[in-house]
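This report describes the packing of nonpolar cores and helices in one protein model. The sequence and structure are shown first.

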Amino acid sequence: MLADLTAGAVEDAEARASERPFAVVEAAALAQPSARDALAALAPADRVKIIAEVKRASPSRGDLAAIPDPALQARRYEEGGASAISVLTEGRRFKGSLADLVAVRAAVELPVLRKDFIANEYQVLEARAAGADLVLLIVAALEQDVLARLHTLILELGMTPLVEAHSADEVERAADVGARLIGVNARDLSTFELDRDLFGRVADRIPAGAVKVAESAVLSPADVAHYRAAGADVVLIGEALVTNDPVSTLRSFLEAEK
(Lines give C-alpha, C1' and ligand atoms only; values in the text may rest on other atoms or scores of the structure.)
Protein backbone atom coordinates (compact mmCIF):
# COMPACT_ATOMS: atom_id res chain seq x y z
CA MET A 1 0.00 0.00 0.00
CA LEU A 2 2.74 2.49 0.92
CA ALA A 3 4.67 1.73 -2.27
CA ASP A 4 1.51 2.21 -4.34
CA LEU A 5 0.64 5.48 -2.62
CA THR A 6 4.15 6.82 -3.10
CA ALA A 7 4.29 5.75 -6.74
CA GLY A 8 0.94 7.42 -7.39
CA ALA A 9 2.04 10.64 -5.70
CA VAL A 10 5.23 10.72 -7.77
CA GLU A 11 3.28 10.05 -10.98
CA ASP A 12 0.91 12.92 -10.18
CA ALA A 13 3.85 15.22 -9.43
CA GLU A 14 5.42 14.32 -12.77
CA ALA A 15 2.16 15.25 -14.50
CA ARG A 16 2.17 18.62 -12.76
CA ALA A 17 5.82 19.11 -13.70
CA SER A 18 4.94 18.72 -17.36
CA GLU A 19 2.75 21.82 -17.01
CA ARG A 20 4.78 23.69 -14.41
CA PRO A 21 8.47 22.92 -14.93
CA PHE A 22 11.01 22.42 -12.16
CA ALA A 23 12.63 25.84 -12.71
CA VAL A 24 9.29 27.62 -12.42
CA VAL A 25 8.39 25.86 -9.17
CA GLU A 26 11.87 26.44 -7.79
CA ALA A 27 11.58 30.18 -8.49
CA ALA A 28 8.16 30.27 -6.82
CA ALA A 29 9.53 28.43 -3.78
CA LEU A 30 12.45 30.81 -3.41
CA ALA A 31 10.15 33.82 -3.75
CA GLN A 32 8.00 32.78 -0.77
CA PRO A 33 8.27 34.66 2.54
CA SER A 34 10.28 32.88 5.21
CA ALA A 35 8.66 29.77 6.59
CA ARG A 36 7.23 29.89 10.09
CA ASP A 37 9.30 28.33 12.87
CA ALA A 38 7.53 25.03 13.37
CA LEU A 39 10.04 23.72 15.90
CA ALA A 40 9.34 26.68 18.15
CA ALA A 41 5.59 26.23 17.76
CA LEU A 42 5.81 22.53 18.62
CA ALA A 43 8.54 22.68 21.28
CA PRO A 44 7.93 20.64 24.44
CA ALA A 45 5.76 22.45 26.97
CA ASP A 46 3.81 21.79 30.15
CA ARG A 47 0.87 20.62 28.07
CA VAL A 48 0.50 18.49 24.99
CA LYS A 49 0.39 20.25 21.62
CA ILE A 50 -1.75 19.23 18.69
CA ILE A 51 -1.23 19.20 14.93
CA ALA A 52 -4.77 19.28 13.53
CA GLU A 53 -5.29 17.71 10.13
CA VAL A 54 -7.42 18.68 7.15
CA LYS A 55 -8.35 15.21 5.91
CA ARG A 56 -11.24 14.26 3.63
CA ALA A 57 -10.62 10.53 3.25
CA SER A 58 -8.13 7.71 3.77
CA PRO A 59 -7.51 4.25 2.29
CA SER A 60 -8.37 2.61 5.60
CA ARG A 61 -11.54 4.55 6.42
CA GLY A 62 -12.84 5.78 3.08
CA ASP A 63 -14.65 9.12 2.97
CA LEU A 64 -14.56 11.03 6.25
CA ALA A 65 -15.79 14.55 5.54
CA ALA A 66 -16.40 16.70 2.47
CA ILE A 67 -14.54 19.77 3.84
CA PRO A 68 -15.73 22.13 1.09
CA ASP A 69 -13.82 25.00 2.72
CA PRO A 70 -10.42 23.86 4.04
CA ALA A 71 -9.58 27.43 5.04
CA LEU A 72 -12.59 27.55 7.37
CA GLN A 73 -11.65 24.16 8.82
CA ALA A 74 -8.14 25.46 9.52
CA ARG A 75 -9.43 28.65 11.15
CA ARG A 76 -11.56 26.55 13.46
CA TYR A 77 -8.51 24.49 14.36
CA GLU A 78 -6.66 27.69 15.19
CA GLU A 79 -9.60 28.84 17.32
CA GLY A 80 -9.62 25.50 19.14
CA GLY A 81 -5.97 25.76 20.16
CA ALA A 82 -4.02 23.75 17.59
CA SER A 83 -0.30 24.50 17.37
CA ALA A 84 0.03 23.60 13.67
CA ILE A 85 -2.15 22.49 10.76
CA SER A 86 -1.54 19.40 8.62
CA VAL A 87 -2.98 19.40 5.11
CA LEU A 88 -3.22 16.16 3.16
CA THR A 89 -2.41 17.03 -0.44
CA GLU A 90 -2.54 13.50 -1.93
CA GLY A 91 -5.43 13.36 -4.35
CA ARG A 92 -6.06 9.73 -5.25
CA ARG A 93 -6.93 8.15 -1.92
CA PHE A 94 -7.04 11.12 0.48
CA LYS A 95 -8.85 13.56 -1.87
CA GLY A 96 -6.57 16.45 -1.03
CA SER A 97 -4.69 18.94 -3.19
CA LEU A 98 -2.03 21.62 -3.16
CA ALA A 99 -4.90 24.09 -3.58
CA ASP A 100 -6.07 23.05 -0.10
CA LEU A 101 -2.62 23.87 1.25
CA VAL A 102 -2.58 27.27 -0.42
CA ALA A 103 -6.03 28.08 1.01
CA VAL A 104 -5.05 27.02 4.52
CA ARG A 105 -1.79 28.93 4.41
CA ALA A 106 -3.68 32.12 3.56
CA ALA A 107 -6.21 31.57 6.35
CA VAL A 108 -4.11 30.98 9.49
CA GLU A 109 -0.97 32.14 11.24
CA LEU A 110 0.01 28.67 12.45
CA PRO A 111 2.75 26.58 10.79
CA VAL A 112 1.33 24.39 8.01
CA LEU A 113 2.49 20.88 7.15
CA ARG A 114 2.33 19.37 3.67
CA LYS A 115 1.37 15.77 4.37
CA ASP A 116 1.87 13.63 1.30
CA PHE A 117 4.03 10.83 -0.05
CA ILE A 118 7.13 12.90 -0.76
CA ALA A 119 9.87 11.16 -2.72
CA ASN A 120 11.62 13.79 -4.84
CA GLU A 121 12.89 17.36 -4.92
CA TYR A 122 10.07 18.63 -7.11
CA GLN A 123 7.50 17.75 -4.45
CA VAL A 124 9.54 19.54 -1.79
CA LEU A 125 9.76 22.68 -3.94
CA GLU A 126 6.00 22.47 -4.59
CA ALA A 127 5.43 22.43 -0.83
CA ARG A 128 7.44 25.63 -0.29
CA ALA A 129 5.89 27.30 -3.32
CA ALA A 130 2.44 26.59 -1.84
CA GLY A 131 3.49 28.11 1.49
CA ALA A 132 4.24 25.00 3.56
CA ASP A 133 6.34 25.40 6.69
CA LEU A 134 6.79 21.66 7.27
CA VAL A 135 7.08 18.66 4.96
CA LEU A 136 6.42 15.03 5.86
CA LEU A 137 9.09 12.44 5.05
CA ILE A 138 8.11 8.80 5.60
CA VAL A 139 11.18 6.72 6.42
CA ALA A 140 9.64 3.48 5.15
CA ALA A 141 9.04 4.99 1.72
CA LEU A 142 12.59 6.23 1.14
CA GLU A 143 16.08 4.83 0.78
CA GLN A 144 18.41 6.37 3.35
CA ASP A 145 20.33 8.48 0.84
CA VAL A 146 17.08 9.92 -0.54
CA LEU A 147 15.78 10.55 2.97
CA ALA A 148 18.97 12.43 3.83
CA ARG A 149 18.93 14.43 0.59
CA LEU A 150 15.32 15.52 0.94
CA HIS A 151 15.77 16.28 4.63
CA THR A 152 18.66 18.60 3.74
CA LEU A 153 16.70 20.32 0.97
CA ILE A 154 13.73 20.98 3.26
CA LEU A 155 16.06 22.62 5.78
CA GLU A 156 17.80 24.65 3.07
CA LEU A 157 14.43 26.03 2.02
CA GLY A 158 13.80 27.14 5.61
CA MET A 159 11.16 24.53 6.37
CA THR A 160 11.04 21.81 9.01
CA PRO A 161 11.00 18.10 8.11
CA LEU A 162 8.61 15.90 10.07
CA VAL A 163 10.28 12.50 9.76
CA GLU A 164 7.81 9.67 10.31
CA ALA A 165 8.80 6.25 11.63
CA HIS A 166 6.90 3.01 12.24
CA SER A 167 9.55 1.03 14.17
CA ALA A 168 12.60 1.41 16.39
CA ASP A 169 14.88 0.88 13.39
CA GLU A 170 13.12 3.64 11.48
CA VAL A 171 13.44 5.98 14.47
CA GLU A 172 17.19 5.36 14.33
CA ARG A 173 17.20 6.11 10.59
CA ALA A 174 15.41 9.39 11.32
CA ALA A 175 17.96 10.22 14.00
CA ASP A 176 20.82 9.40 11.61
CA VAL A 177 19.77 12.19 9.23
CA GLY A 178 19.58 14.66 12.11
CA ALA A 179 15.80 14.89 12.38
CA ARG A 180 14.64 17.20 15.15
CA LEU A 181 10.93 16.49 14.68
CA ILE A 182 10.21 12.77 14.72
CA GLY A 183 6.79 11.21 14.40
CA VAL A 184 5.79 7.68 15.29
CA ASN A 185 2.74 6.52 13.35
CA ALA A 186 0.61 3.89 15.04
CA ARG A 187 -0.73 2.88 11.62
CA ASP A 188 1.51 0.53 9.68
CA LEU A 189 1.35 1.97 6.16
CA SER A 190 2.10 -1.41 4.63
CA THR A 191 -0.80 -3.24 6.33
CA PHE A 192 -2.81 -0.30 7.70
CA GLU A 193 -3.10 -2.05 11.05
CA LEU A 194 -3.08 0.11 14.19
CA ASP A 195 -0.91 -0.31 17.28
CA ARG A 196 -1.52 2.50 19.76
CA ASP A 197 1.27 1.22 22.04
CA LEU A 198 3.96 1.46 19.37
CA PHE A 199 4.82 5.04 20.33
CA GLY A 200 5.51 4.06 23.95
CA ARG A 201 7.74 1.18 22.90
CA VAL A 202 10.01 3.29 20.70
CA ALA A 203 9.83 6.77 22.28
CA ASP A 204 13.04 6.24 24.24
CA ARG A 205 14.90 5.74 20.95
CA ILE A 206 14.08 9.30 19.87
CA PRO A 207 17.17 11.45 20.58
CA ALA A 208 17.16 13.94 23.41
CA GLY A 209 16.29 17.36 22.08
CA ALA A 210 14.07 16.07 19.28
CA VAL A 211 10.34 16.83 19.44
CA LYS A 212 8.30 13.63 19.79
CA VAL A 213 5.10 13.39 17.74
CA ALA A 214 2.51 10.61 18.14
CA GLU A 215 0.36 9.96 15.07
CA SER A 216 -2.87 8.00 14.42
CA ALA A 217 -5.25 6.03 16.66
CA VAL A 218 -6.62 9.17 18.33
CA LEU A 219 -10.40 9.18 18.70
CA SER A 220 -10.89 10.39 22.27
CA PRO A 221 -9.24 12.48 25.00
CA ALA A 222 -8.12 9.20 26.59
CA ASP A 223 -6.01 8.45 23.50
CA VAL A 224 -4.29 11.84 23.79
CA ALA A 225 -3.65 11.22 27.49
CA HIS A 226 -2.24 7.80 26.63
CA TYR A 227 0.29 9.28 24.21
CA ARG A 228 1.17 12.12 26.57
CA ALA A 229 1.85 9.65 29.38
CA ALA A 230 4.15 7.75 27.01
CA GLY A 231 6.21 10.87 26.37
CA ALA A 232 4.60 12.59 23.37
CA ASP A 233 5.21 16.32 23.05
CA VAL A 234 2.77 16.59 20.16
CA VAL A 235 -0.16 14.52 18.89
CA LEU A 236 -1.30 14.64 15.26
CA ILE A 237 -5.07 14.21 14.91
CA GLY A 238 -7.20 13.97 11.79
CA GLU A 239 -10.32 11.79 11.72
CA ALA A 240 -11.68 12.78 15.14
CA LEU A 241 -11.50 16.47 14.21
CA VAL A 242 -13.14 16.26 10.79
CA THR A 243 -16.00 14.05 11.99
CA ASN A 244 -16.85 16.13 15.08
CA ASP A 245 -17.02 19.80 15.97
CA PRO A 246 -13.36 20.81 15.60
CA VAL A 247 -13.27 23.57 18.21
CA SER A 248 -14.88 21.72 21.11
CA THR A 249 -13.12 18.46 20.21
CA LEU A 250 -9.72 20.11 20.13
CA ARG A 251 -10.33 21.79 23.45
CA SER A 252 -11.35 18.49 25.04
CA PHE A 253 -8.18 16.85 23.72
CA LEU A 254 -6.00 19.66 25.06
CA GLU A 255 -7.58 19.18 28.48
CA ALA A 256 -7.05 15.41 28.38
CA GLU A 257 -3.91 15.24 30.47
CA LYS A 258 -5.14 17.50 33.27
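Which residues have the most contacts inside the largest nonpolar core? They are Y77, I85, Y227, V235 and I237, in a core of 74 residues. A nonpolar core is a set of buried Ala, Val, Leu, Ile, Met, Phe, Trp, Tyr and Cys residues joined through side-chain atoms within 4.5 Å; buried means under 20% relative accessible area with a 1.4 Å probe, protein chains only. Apart from this core lies another, of 23 residues, including I51, F94, V211 and L236.

The model is predicted: local features need pLDDT of at least 70, side-chain atom pairs count only at pLDDT 80 or more, and totals for chains, interfaces and linings use all residues. Residues are numbered from 1 along each chain as its sequence is written, and side-chain values use heavy atoms, without hydrogens and water.

Beyond its neighbours within four places in sequence, Y227 is in contact (heavy atoms within 4.5 Å) with residues including R196, F199, E215 and V218.

Y77 is also one of the buried residues of helix α4, together with P70, A71, Q73, A74 and G80. Helices are DSSP runs (H or I, at least four residues), and strands are E runs of at least two, numbered from the N terminus. The buried residues of α4 pack against these elements:

| Element | Residues |
|---|---|
| β1 | 49-54 |
| β4 | 84-88 |
| α5 | 98-107 |
| α11 | 239-242 |
| α12 | 246-254 |

After α4 comes G81, with a positive phi near 110°.

Elsewhere, A9, V10, A13, R16 and A17 of α1 meet Y122, Q123 and E126 of α6.

Key. Buried < 20%, exposed > 50% of the residue type's maximum accessible area, 1.4 Å probe, protein only.
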